[in-house]
Amino acid sequence: MAGITNAEAATTLDLRFPTTGGTDYIAYSADGTSETASLARTSVGGTGWAAATVADPSVKANSTALTSAAASGTVTVSHFAIFSASTGGTQRTDWTAIAASKSLTAGDQLTWGIGTLQVTLT
C-alpha cells in the first residue's frame, strides 16, 4: 500500500489541529507513560497552531509562545501529549519526549517557544 503524499499529510494535520478554533491542551509527564498531577494542562488556544509544513514528515507547531500554569509541586517533566480537553478528554498524540527534561519546583512555569511544540505525520 502506498503512503499519503506530503500535501495530504499537511492537510490532515491542519484538519486535526486547526489554526483557528482549536481546543487542544498540552499534558505533562515525568515518566512518559502517565500524566503528572504537579502541572496542569496548558491550552494551545484557538489560534495557537501554525499551518503544517508540506514535507516528510509534515510538522504542525505552535504559532505563539505558550506558558503553563505554576507547578504545584516538584516534578521533572520529560514528556508531553496533546489532549482534547483541560481535564479528561481524549489523548490525541502519544507521549513524546521533550528535547531536554525540565525540573520544576512549586511555582515554576514551563514555556514553549514559538515552533517548539510539534506534532508530526509521515
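Start by selecting T12, L13, R16, F17, R92, T93, V119, T120 and L121: together they line the second largest pocket. A pocket here is an open set of points, on a 1 Å grid over the protein atoms alone, where a 1.4 Å probe fits, with protein on both sides within 12 Å along at least five of seven lines; lining residues have an atom within 4 Å of a point. Colour α1 (6–16) and β8 (118–121), the elements that each give two or more residues to this lining. Helices (H or I, at least four residues) and strands (E, at least two) are DSSP runs, numbered from the N terminus. Now colour by class, and you get four nonpolar, three polar and two charged residues around this second largest pocket. For those classes, Ala, Val, Leu, Ile, Met, Phe, Trp, Tyr, Cys and Pro count as nonpolar, Asp, Glu, Lys and Arg as charged, and the others, Gly among them, as polar. The space in the second largest pocket is about 150 Å³, where a volume is the space filled by probe spheres set on grid points joined across faces, edges and corners.

A word on what is loaded: this is a predicted model, in which local features need pLDDT of at least 70 and side-chain atom pairs count only at pLDDT 80 or more, while totals for chains, interfaces and linings use all residues. Residues are numbered from 1 along each chain as its sequence is written, and side-chain values use heavy atoms, with hydrogens and water left out.

Next, pick I98, A99, A100, W112 and T116. Of the 14 residues lining the largest pocket, these lie nearest its centre. Two elements give two or more residues to that lining, β6 (96–104) and β7 (111–112). Which element gives the most to the lining of the largest pocket? That is β6, with six residues. The largest pocket holds about 280 Å³ of space, and its lining has eight nonpolar, five polar and one charged residues.

From W112, step along to G113, in the loop between β7 and β8. Is G113 buried, partly exposed or exposed? At 29% relative accessibility, G113 counts as partly exposed, given that buried means under 20% relative accessible area, exposed over 50% and partly exposed in between (1.4 Å probe, protein chains only).

Jump to S38, in the loop between β1 (25–29) and β2. S38 counts as buried because its relative accessibility is 17%. Leaving out residues up to four places away in sequence, S38 touches A71, S72, G73, T74 and V75; contact means heavy atoms within 4.5 Å.

Then select D56 and P57. The peptide bond from D56 to P57 is cis, with omega near 5°. Most peptide bonds are trans. P57 sits in the loop between β2 (42–43) and β3 (58–61).

Finally, zoom out to the cartoon view. Of the 122 residues, 37% count as buried.
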